Amino acid sequence: MILTIETALRGAADILRDRIAPAVDDTFVGETARLAGMLLRMNADWVDDAAAIRVAENAVLRALFADARSVVSDASLAARLAEAAQSGDPGLRVSELDRESNRLRGLLTDLHLHVEASDRSFDQRIWRLLEDFEAARAPR
Amino acid sequence: MEARIVAYLAHRMPDASDIAVDDLHQIHGGSSQETFRLRARWRARDTVVKRRLILRRAPNAGLVVGEHHLEYDVYRALAGSDLPVPGVHFLELDPVWLDRPFFIMDLCDGKPGHPYAPGDPYDGHGERVARAFWRHLGTLAAIDHCAVGLQHLRNGMAETGFWLAELDRWDGIIAAGETLAQPALSGAIRWLRRNPPPAPAKPAIVHGDYRSGNFLFTDDGKISGILDWEMCHIGDPMEDVAWAIDPFWPMTRHLPLDDGLAIWEAASGMTVDRAALEWWRLFSAVKALAIWTTAEASFASGESKEMVIAMSALRAGHFHREHLLALMRARGAMG
């Protein structure tokens with residue numbers, strides 16, 4: 001079997017919760033150890049599909065940008081959308097994907113601002129998409 | 001640290017002798033400041049004085065950091081009111097004593113009701129605590145901030161425009177701390193700007209973080225101390241009402257909302273405008289996300305090492321993004 005990052009983090013979290021926190025006399029430090037365990041557990045839950053979630057989210061955004069060209073009248077914004085729709089992820093490191101996600105989300109903010117007064121249907125599509133993104137990134 | 005506190009007390013009380021400090025512990029409470037509980041003893045003339053005290057010190061970083069003297073000033077101003085607040089003793093802005101600004105106040109009786117703990121956080125006194133919670137908030141809203149010397153608080157000289165001043169403030173904080181663009185948050189802020197609330201009947205002292213976990217209660221269900229005033233300012237009293245009913249720390253678990261609002265109205269002498277309250281509920285979600293954004297930035301940069309800050313950034317951040325989206329859905333944003 002492979003010792004995954006997820007399994008290693010869960011092991012460390014269990015030790016903090018079950019062995020270290022109860023053995024600490026100082027209440028503040030003991031609580032801090034317990035919270036550190038919870039933090040490790042949350043990251044254990046995230047680590048396996050972190051890249052997959054970001055890749056999928058960025059792909060959905062690029063598809064949205066491609067569709068948006070027909071509802072955007074501003075030439076500059078339309079050009080930025082066209083460029084982003086054709087772009088790809090720079091790599092599969094989570095840090096690289098996060099930087100790309102930030103770039104695409106910034107453009108989504110500009111698009112949202114543009115369509116919310118002019119295209120109710122597209123505006124609603126963006127809001128529903130944001131719900132989907134949040135659900136996918138929810139702590140488990 | 002005990003010795004440094006003794007030296008400080010000797011500096012502030014030159015007539016005291018035999019000063020001693022022990023039982024010093026850092027405690028969780030008010031994540032925007034470091035909080036320590038301690039026992040102090042000294043001799044004043046022929047009398048031995050013993051006090052249980054709280055020392056609140058400015059952090060290196062963390063959640064949104066307020067002005068260091070603000071909380072101290074508010075405690076002093078409200079000392080003669082009907083609100084249960086701890087007595088304060090010393091404010092020190094010179095970092096020579098404990099590295100960062102701090103103040104010292106009395107330790108109140110009672111304990112906090114942790115809003116996230118399973119079970120009943122108020123030991124069977126939930127309804128009584130909730131009634132006191134709403135009565136105190138109404139009492140706070142009724143106080144004339146100028147009459148108690150708090151006109152220097154943020155917005156203290158304004159008569160109106162509180163919603164815009166506060167929205168601009170939190171919008172700016174988000175912009176300064178945001179490392180991953182949040183289109184939902186930006187969209188909600190634009191909605192708030194397009195749909196301003198009615199002006200309040202009068203300006204009020206806004207606690208800024210009035211919720212479960214930021215007050216102490218005693219065994220008989222009384223609220224013995226309202227704490228954590230770092231974000232206090234002058235504004236629309238609906239801001240505190242909306243913050244108090246945020247589902248992340250729901251006081252409505254213990255008393256139906258309508259009953260709580262009726263108590264608030266009786267104590268404040270004002271009427272709750274439900275349309276205004278709805279605006280401030282969405283504002284509360286934005287404000288909460290601004291705070292969690294700041295928390296994330298401070299932990300990510302290494303400025304804060306507090307686990308509670310990291311947990312706030314991750315778990316509370318998701319909770320309030322989801323809550324904000326639900327509020328926007330209720331406004332018809334998703335069709």
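Visitor: Which strand order does the open sheet of three strands in chain B have?

Guide: The model is a predicted one. In chain B the open sheet has antiparallel pairing. Its three strands follow the order β6-β8-β9.

Visitor: Which strands of this chain B sheet stand at the edges?

Guide: An edge strand has a single partner strand, so one of its sides is left without a neighbour in the sheet. In chain B this applies to β6 (111-112) and β9 (223-226).

Visitor: Which residue of β9(B) stands opposite L216(B)?

Guide: Strand β8 (residues 215-217) of chain B pairs with β9(B) in the antiparallel sense, over three bridges. Helix α3 (residues 126-142) of chain B packs on the sheet and touches both β8 and β9 of chain B. Within β9(B), the residue opposite L216(B) is G225(B).

Visitor: Are α3(A) and α6(A) roughly parallel or roughly antiparallel to each other?

Guide: Helix α3 (residues 50-68) and helix α6 (residues 120-136) of chain A have axes 11 Å apart and pack at an angle of about 175 degrees. Angles over 145 degrees count as roughly antiparallel. The relation of α3(A) to α6(A) is therefore roughly antiparallel.

Visitor: How many charged residues does the contact of α3(A) with α6(A) have?

Guide: Among the residues making this contact are E57(A) and D67(A) of α3(A) and R125(A) of α6(A). By class, the contact has 10 nonpolar residues and no polar ones, and the number of charged residues is three.

Visitor: What is the handedness of the crossing of α5(B) and α8(B)?

Guide: The axes of helix α5 (residues 183-194) and helix α8 (residues 274-300) of chain B come within 10 Å and cross at roughly 145 degrees. The crossing of α5(B) and α8(B) is left-handed.

Conventions
Residues are numbered from 1 along each chain as its sequence is written. Chains are lettered from A and ligands numbered from 1 in the order in which they are written. This is a predicted model: local features need pLDDT of at least 70, side-chain atom pairs count only at pLDDT 80 or more; totals for chains, interfaces and linings use all residues. Side-chain values use heavy atoms; hydrogens and water are left out. Axes are lines fitted to C-alpha atoms, for helices over the stretch in contact, and angles run from 0 to 180 degrees between N-to-C directions. Helices (H or I, at least four residues) and strands (E, at least two) are DSSP runs, numbered from the N terminus. Angles under 35 degrees count as roughly parallel, over 145 as roughly antiparallel, 65 to 115 as roughly perpendicular and the rest as oblique. Contact means heavy atoms within 4.5 Å. Ala, Val, Leu, Ile, Met, Phe, Trp, Tyr, Cys and Pro count as nonpolar, Asp, Glu, Lys and Arg as charged, and the others, Gly among them, as polar. A crossing is left-handed if the near helix is turned anticlockwise from the far one by less than a right angle, and right-handed if clockwise. Two strands pair if DSSP finds at least two bridges between them.
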